[in-house]
Amino acid sequence: MWTYIIRRIFQAVPTLLVISFMIFSLLYITPGDPVDLILGTEDQQVSEEQRQLIMEEWGLDKPFFVRYLNFIKDALHGDLGTSYATNQPVFESVMIRMPATFKLAAFSMVLSLLISVPLGTLAALKHNSIWDSIATALATIGVSLPKFWFGLVLMIYLSLKWGLLPSTGSAELTVDGPVEFLKYIIMPGSSLALGMAATQTRMIRSSMLDVLGQDYVRYARSKGLKEKVVIWMHAFKNAMIPVITVVGSEIGGLLGGAVVTESIFSWPGVGRLAVNSISKRDYPMIQGITLLLCTSYLVINLIIDIVYAWVDPRIRLDKKS
Amino acid sequence: MTNEKCLEVKNLRTWFHTPEGIVKSVDGISFSIERGKTLALVGESGCGKTITSLSLIKLLPETAELHADSIILNGRDVTNLDKNEARKIRGAEISMIFQEPMTSLNPVYRIERQLGEVFRLHNPGISSAEVKQRSIEILKKVGVPNPEERLKVYPHQLSGGLRQRVMIAISLASNPRMVIADEPTTALDVTIQAQILDLLKQLQKDMNMSILLITHDFGVVSQIADRVAVMYAGRIVEEGKMEDVFTDPWHPYTKLLILSIPGIKVTRGNRLESIQGSVPNPLKFPEGCRFAPRCPYAKDICHKQQPPEIVSGDRRVSCFLRGDQHEG
Amino acid sequence: MAENNKNQNMIGEDSLPVTSYWKDVVRRFCKNKIAVIGLIALCIIIILCAGAPLFTSYDPVVDMDFMNMLAAPGSEGHPLGTDDLGRDIWCRLLYGGRSSLITGLSVSLLAAAIGVVIGLYSGYFGGVIESLLMRFTDIMLSFPFLIVAIAIMSVLGSSQRNIIIALAITSWPRFARLTRGQVLAVKNSEYVEAAKVGGFKNTRIIFRHVLPNCIGPLIIQGTLSVGGAILSAASLNYLGLGADAASPDWGMMLSQGRNYLQTASYLTTIPGLAISATVLAMNWIGDGMRDAFDPKMRK
Amino acid sequence: MKDEKNILKIEDLKVYFPIKKGVLQKTVGHVKAVDGVTLNIRRGETLGLVGESGCGKTTIGRAIVRLNTPTSGRILYDGQDILSLKGDDLRKIRRKLQIIFQDPYSSLNPRHTVQNMITEILTVQMGMTPAQAEDRMEELLDQVGLNKAYALRYPHEFSGGQRQRVAIAKAIALQPEFLVCDEAVSALDVSIQSQIINLLMDLKGEYGDMTYLFISHALNVVEHISDRVAVMYLGKIMEFADNEELFSHAAHPYTQALLSAIPILSGRKARERIILKGDVPGAAHIPSGCRFHTRCPYATEECMKKEPELKDIGNGHLVACLKV
Amino acid sequence: ATSEADKPASAGTESGSASGAETGKPASTNDNGEKVLRIGTYMPVTTLVPWKTTSDGDGYIIRQIYHTLLEMNKQSEFAPGLAKSWECSEDGKVWTFHLRDDIYWQTGNDLFGDEKVQVTAEDVKFSFEYYLDPAHESVRYTGLADTIDKIEVVDDFTIKFYTKDIDVLFEYKMYQNYIIPKKGIDENWDFAAFPVGSGAYKFVEHVVDTRVLLEKNEDFWLEPALDKIEFKIITDKSVSSIALQNQEIDITLALLPTDIPAVVSKDFLKIDNNGGSLRWIGFNCKDELFQDKELRRALTMAVDVDGAVKAVYANDAGIDLAIRGYSVVTPERPGYDGELCKAETPVYDPKAAQEKLESIGWKKGSDGIYEKDGQKLKFTLQVGNNDSNREKMAVIVSSQLKAIGVDCTAQTVEWGTHSSDVKDGNVQMYIMGGYSNLDGPLRLMHSNETVLSPNCGYADPELDSVLDEAWRTIDYDARCKLIAKASAMFASGTAHLADWYEYSQTGYNVRVKDFDYATVYQPLCSSQRNVTVE
Ligand SMILES: Nc1ncnc2c1ncn2[C@@H]1O[C@H](COP(=O)(O)OP(=O)(O)OP(=O)(O)O)[C@@H](O)[C@H]1O
Ligand SMILES: Nc1ncnc2c1ncn2[C@@H]1O[C@H](COP(=O)(O)OP(=O)(O)OP(=O)(O)O)[C@@H](O)[C@H]1O
Ligand SMILES: [Mg+2]
Ligand SMILES: [Mg+2]
């Protein structure tokens with residue numbers, strides 16, 4: 001397995017190079033003037049002399065490829081540059097927000113699984129019954145509701161009308177304890193989880209139906225095992241195998257795609273930083289965010305693949321299938 | 001009939017309610033198996049063999065509906081058991097070996113777990129060490145070399161023959177008095193098949209089990225069965241001692257079936273005897289004898305009336321022609 | 001003798017209706033009640049939107065009534081009320097459907113076209129092509145969607161066309177992955193090998209023999225992504241990256257109405273319902289189509 | 001350099017599948033699916049190929065129709081080395097070499113009607129007009145004993161036997177000279193199996209010099225249909241002889257064991273049953289010396305060390321056993 | 001109710017971010033009897049380095065920590081800050097500031113420890129010289145370098161600035177630049193991570209994107225009335241209003257019009273504003289189409305700006321959130337003269353607008369759109385995505401123009417793109433806002449591109465000279481007159497289709513006291529006010 005992990009890490013290098021090149025060139029052609037940003041925005045006056053100074057200082061006067069190569073060189077030393085906007089090292093700025101993003105992603109993933117697993121299983125076990133229809137209807141509604149809408153509705157009811165939860169902010173699990181932590185994360189978490197739970201429910205339903213028709217499930221029953229054991233031991237693990245891959249690719253979306261939720265709930269994550277940086281043309285920051293997000297995506301996918309192999313012993317990691 | 005009956009089935013009917021109509025997969029069959037003996041149920045694909053066995057072990061799909069005058073298993077009427085009671089007889093009284101060892105073992109668990117759970121289920125409170133001990137014992141018994149190591153592997157790491165042995169081990173772990181083997185060797189090589197059949201015979205002797213063997217392979221039947229029941233389109237058309245049925249089939253279907261096996265009666269290079277047409281659609285079985293449309297000897301009456309069951313000694317057949325000794 | 005044998009071997013009584021493939025597909029589709037309901041619903045939506053001027057006397061852009069802003073649904077002359085600028089919501093819903101449906105459908109079609117071709121070729125040929133294409137797909141998948149969308153729209157400018165391009169560029173990898181998975185399952189099947197042995201050219205095998213057998217999940221993904229695209233466009237709107245701010249669009253209506261959730265919730269519920277109805281109808285149609293295209297469902 | 005007698009010559013064919021491992025996908029070993037097979041197939045004969053599952057029968061069949069690429073060796077078809085062909089030449093020769101697969105359920109495209117399948121072959125490959133193709137299709141269906149009304153059906157609407165007929169119709173649509181039947185009847189019921197065997201035999205009469213490579217593990221079927229029979233074990237041919245000779249005077253212990261497994265019903269004298277011990281070693285771990293020695297009831301020290309060659313014991317009866 | 005009570009009160013140990021946020025329960029005064037003011041701000045903290053920041057959001061915090069020489073009161077007049085008094089020489093080129101002698105650098109940090117160090121004229125001189133060095137990339141470099149000739153320390157508490165020329169905005173510059181400790185620069189102190197100044201409140205912690213916590217500076221010359229100030233960053237404005245209504249925060253900046261009724265209806269909440277901010281719809285006068293002033297005037301006549309402003313800012317509470325304006329100088333600033341400008345602005349009259357269009361050669365085409373020389377009257381009105389009110393204005397303007405046959409598309413673009421497009425003249429029509437400070441009018445109207453921002457190609461040499469003169473006139477009234485004159489000239493040039501002043505509302509809890517001029521951009525504890533909570 002270690003050789004497999006090492007191989008995957010090797011494979012990630014060219015991927016990250018391509019990503020960095022793509023984002024670098026994308027940003028290069030995106031309109032917007034970084035000098036203005038370094039010197040402050042609309043309310044400030046800039047002289048030509050100072051502009052020149054800044055361009056040189058930040059290497060903005062160099063040709064595209066030189067800039068890119070410099071970026072790569074620095075990145076290899078773990079230096080992703082300095083933010084135009086805040087003058088802070090990009091790496092630190094992103095890493096300081098990563099935990100919040102991860103927390104939210106992990107929580108909403110867990111939450112969506114908590115919803116979709118029982119619902120999907122129920123729909124499969126009682127398929128063609130009223131339960132099935134309810135699960136399907138819920139799933140459809142879930143996919144067709146925009147996250148920001150759901151987030152705001154939650155907030156209006158849970159926090160403004162009923163006063164159950166604080167509207168914004170975040171709490172530290174270790175410092176403030178689980179109750180506080182849940183209070184803050186539950187709304188952003190569920191607004192993210194809803195859409196995912198919807199698709200997962202459908203996946204789990206069909207996967208479970210598929211597995212329930214398999215010979216080994218019938219065989220497990222023929223041993224005289226209790227129905228609970230048959231479903232949760234024999235069918236469930238197998239049904240989750242295809243779900244794992246889907247979950248993996250969804251986490252990628254969660255990391256970079258929670259922007260809207262993060263803005264609504266003032267969640268101190270990477271997504272908000274990304275949006276702010278984009279609107280400010282904070283190129284080093286955008287590059288850094290993209291690279292680090294892609295890296296985490298690759299890492300998560302690696303983990304997912306390992307989990308996959310762990311759940312499904314037929315997949316051997318060190319052998320290409 | 002001195003021997004005690006292990007299983008006695010009377011007029012078993014298993015029907016499916018489908019949107020297109022009622023599928024009468026099993027439509028009034030009766031048979032019995034004596035303790036320690038083997039009954040082979042043969043017939044073409046789709047004639048209802050698997051449904052029969054699932055009816056006995058109470059694992060029918062939800063759309064199925066089961067009726068029977070009686071099903072007596074080990075002296076107990078098990079016709080109308082509720083789900084929980086049905087579960088309790090599975091494994092303990094009756095267990096099953098499936099056709100496909102490839103797909104019948106759960107791919108994500110080690111053999112140890114799949115075998116162990118049977119011991120735990122039937123011996124509550126048993127210690128882990130004992131489970132392991134017994135697992136090794138039973139694997140040895142079914143001829144799995146290096147049982148300790150094999151416990152640690154996943155099904156896909158075993159060859160087909162070993163997998164089938166493991167499945168037999170699992171099915172026998174609960175010490176059932178009756179085993180249904182649904183095409184246990186179809187997926188295997190001839191040489192391995194021979195080993196498995198030998199093993200079954202051996203185990204049957206050791207444990208005094210009854211076996212309901214389901215197959216379409218007469219070769220298999222000839223090696224292991226005491227009695228044979230030939231099924232066609234949800235009915236048993238002929239039943240009798242294995243040697244009798246083979247040497248002198250009474251029903252035209254049985255006869256043609258045996259003749260269509262290459263190398264049995266027809267010599268090399270010549271055309272084989274074959275049954276024309278294919279199995280009738282279970283949604284609309286022909287009136288009268290179900291084999292009549294394909295039967296080269298069919299007479300008018302065959303198309304109109306259901307044939308009576310003619311019993312003679314310990315043999316029975318359902319055919320009009322039996323009365324007037326057809327010979328072709 | 002041979003003559004005799006043949007007749008002896010001849011099988012076949014006629015029991016199935018003999019129809020052309022497409023008639024059959026249509027017939028199978030029509031048998032699926034839910035799918036037909038979905039189709040009828042979608043047709044109604046399309047007719048209402050396409051023929052919008054027939055069903056409303058207002059203009060969705062120009063007709064603002066500052067005296068009658070935020071009129072509740074059911075008020076006189078405005079069956080669904082008016083929005084924050086006094087525009088008729090029914091009218092904007094109809095016209096807005098045009099752009100939303102166009103966005104949704106074109107994004108799915110475009111993304112499907114790119115993704116399916118890439119998935120087919122990489123899955124079928126394997127080897128270096130596969131690794132390269134799939135690496136590229138991975139890259140696209142791992143790219144934060146929003147950053148790409150914003151960058152594309154900043155370069156090209158915001159317009160409906162560019163939203164479509166941005167969304168298509170970010171959503172084809174899903175199709176590619178799905179297709180590839182399907183192709184891998186299908187390409188080693190014996191009928192594809194038989195086609196190879198039959199001497200057919202690869203392109204023919206890919207499109208005639210492989211693709212039709214991968215189509216089921218693709219249809220589902222395709223119909224799902226129509227709704228997804230409408231919603232993504234709404235999210236872009238929320239972040240202020242929409243097209244023409246004055247012209248109606250469901251996503252735009254939804255995000256522009258978000259400040260009125262407490263005071264005039266119908267501003268968001270109405271377009272929200274429209275999106276849900278469309279997504280639901282598309283999903284039903286998708287399920288029906290998958291079954292209709294599958295000859296196994298033929299009775 | 002056309003060989004009048006032999007239509008197909010397989011010379012020292014080896015097909016190895018690499019087992020890859022490690023960071024760089026290094027090849028750490030090989031599955032030696034076919035490990036040096038030499039066979040001459042005569043024009044117009046039916047050659048039976050038997051052996052246990054996994055011994056490489058299918059791999060040979062697939063190599064002939066170029067569905068996998070041999071590691072070494074040559075396959076000469078009418079004197080032409082077909083392994084070196086590419087592109088159009090390959091496509092041309094492929095028409096003469098067709099294969100029928102074991103599984104009637106997966107060898108037909110579920111999305112095409114019978115008509116689609118057959119006319120596609122006829123128009124695209126044989127250059128017929130649609131009208132001609134339709135006529136020819138009816139003819140073909142007739143030949144395999146299918147009612148032409150079935151042309152508009154989809155594969156799943158047929159029974160197994162009927163599907164296999166369609167597969168055969170597809171294969172003979174190209175008017176091949178050589179047909180590989182890879183377990184073409186194994187998945188079928190006995191009664192259907194006999195129909196297909198009859199059909200294959202009839203077709204042979206009709207198409208004159210069609211040559212069959214008949215792969216099966218069912219010895220009774222092979223015995224029924226073949227002119228000559230080759231017995232394989234773990235990628236190598238163990239015994240090769242005329243049908244009669246082989247079935248009456250099997251010389252190799254493995255063949256003997258196989259033959260003893262044929263059901264004895266009636267009309268044939270009972271053979272002594274030989275139950276082989278153990279499992280088939282995987283093709284990745286071929287035993288040294290005689291590859292059968294691990295299961296052979298007569299194996300000796302010598303068998304473990306020395307690999308036997310195929311040798312003629314008279315009448316073209318070839319056996320690879322040190323004890324013969 | 002949870003942990004708040006048993007948490008240690010001392011600032012150093014309280015590190016969680018949940019403080020004071022229990023729902024439904026006012027926590028302005030926490031259970032330890034501490035007075036905590038919680039301010040919700042929608043602007044993220046970009047940097048807390050005084051010479052780097054340009055964002056108001058940072059300013060809210062920095063102004064509490066650092067001193068500037070001068071402050072500003074509600075009437076836009078300069079008020080004492082670090083300097084208790086100041087005067088200018090006759091020729092307007094020498095400014096003398098007398099500093100307070102009771103100001104100390106904040107203690108309790110690793111820079112100063114517990115040592116009370118006075119803030120002296122040397123510190124002031126050092127700060128400005130630091131900013132004047134281009135190497136330090138101060139964002140105010142250009143403004144300062146253009147003005148300051150030299151700085152002279154007279155004694156510990158008196159300092160003199162010599163300017164290169166008359167600079168009527170000199171005081172404004174003294175209001176903008178923060179005084180930093182020399183010791184910090186010498187010792188390489190990380191001002192970004194831990195600001196140390198001499199203001200009334202001391203920095204405690206900054207949790208990225210979540211909050212900034214300040215505490216009372218006991219050494220301040222005046223006892224600060226709050227124990228703690230917590231800035232909570234709530235990005236979404238409507239969420240911020242929910243938090244205010246929930247009493248999770250005491251003050252929210254920039255309420256949306258849609259949220260005003262709900263806020264006003266709560267008796268524990270109040271709203272107030274801090275003067276108007278300019279918004280305008282501009283033409284890019286360099287654009288081929290809009291070089292024609294008559295066309296600009298015609299289009300101006302086609303739009304009902306009054307109605308649009310009313311509609312966009314309508315609210316059930318009946319509060320004036322914005323008013324139509326005619327001058328680019330906001331009413332609170334010197335030189336405002338609405339009437340003068342109004343006279344120069346075309347009146348709303350769509351008919352006349354059409355006639356005017358026709359008189360300058362535009363004809364309606366078959367599709368009802370005007371065209372001239374085969375060219376359609378078609379353009380885009382671009383607006384940034386940062387403000388939904390501006391978007392609505394754009395929508396209204398574009399549809400009213402459409403109504404008379406002008407194909408105007410309202411286009412929202414991402415804010416970064418928009419601002420740089422406007423600056424580069426890469427738009428046709430646009431909406432912008434801001435520039436409501438003292439130097440705003442000059443920058444908006446003057447055609448000198450290097451100094452001035454988005455006037456989008458409008459150039460009038462005569463106007464330029466009036467402006468130049470105004471900015472060299474020391475006499476306040478005379479200067480006001482000149483500015484008014486300039487604004488009227490600008491209005492007659494119709495570089496803007498419409499102007500309006502937005503009064504963005506601050507919502508706050510009635511328990512916040514002494515919160516006079518409703519802004520946190522000024523120190524909360526100063527000679528002017530000492531904000532507290534009950
Ligand atoms: N769930 C079901 N619903 C409807 N019909 C069914 C169902 N399961 C089985 N059948 C029908 O019942 C009949 C008998 O099926 P069964 O599986 O018992 O055949 P079999 O004799 O075991 O065949 P094989 O040799 O192929 O295993 C078939 O015609 C089949 O179509
Ligand atoms: N593509 C492949 N990659 C790796 N190994 C393969 C591949 N194809 C076949 N093999 C291996 O080659 C060996 C021979 O396979 P082959 O299919 O030729 O056997 P067979 O005699 O046809 O068996 P069966 O009777 O089961 O069809 C087997 O061990 C098989 O696992
Ligand atoms: Mg069966
Ligand atoms: Mg094979």
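## Exercises on a predicted model

The side chain of A:Ser266 comes to 3.5 Å from the backbone oxygen of E:Ile233. The model is a predicted one.

**Exercise 1.** Determine whether A:Ser266 is buried or exposed, and list what it contacts.

*Solution.* Start with the location: A:Ser266 sits in the chain A loop between α11 (259-264) and α12 (270-280). Next, take the relative accessible area, which is 3%. Buried means under 20%, so A:Ser266 is buried. Finally, set aside neighbours within four places in sequence; the contacts of A:Ser266 are then A:Thr168 and A:Arg272, together with E:Asp209, E:Ile233, E:Ile234 and E:Thr235.

**Exercise 2.** Check the span of helix α4 (residues 111-122) of chain B against 1.5 Å a residue.

*Solution.* The helix has 12 residues. The expected span is 1.5 Å times one less than the number of residues, so α4 of chain B should span 16 Å. Its end C-alpha atoms are 17 Å apart, which agrees. Buried residues in α4(B) include B:Ile111, B:Leu115 and B:Phe119.

**Exercise 3.** Find which strands stand at the edges of the open sheet in chain B.

*Solution.* Write down the order of the 8 strands: β7-β8-β9-β3-β10-β11-β13-β12, with mixed pairing. β7 (94-97) and β12 (309-312) each have a single partner strand, so one side of each lacks a neighbour in the sheet. From one strand to the next, the twist averages 20°.

Then take one pair within the sheet. β10 (residues 227-232) and β11 (residues 235-241) of chain B pair in the antiparallel sense over 6 bridges; B:Met231 has B:Ile236 in β11(B) as its bridge partner.

Notes:
Residues numbered from 1 in each chain as written. Chains lettered and ligands numbered in written order. Predicted model: local features only at pLDDT ≥ 70, side-chain atom pairs only at ≥ 80, totals over all residues. Heavy atoms only, no water. Helix = DSSP H or I, 4+ residues; strand = E, 2+ residues; numbered from the N terminus. Buried < 20%, exposed > 50% of the residue type's maximum accessible area, 1.4 Å probe, protein only. Polar contact = N/O pair within 3.5 Å; in protein donor to acceptor, adjacent residues only side chain to side chain. Contact = heavy atoms within 4.5 Å. Pairing = 2+ DSSP bridges. Axes fitted to C-alpha atoms, helices over the stretch in contact; angles between N-to-C directions.
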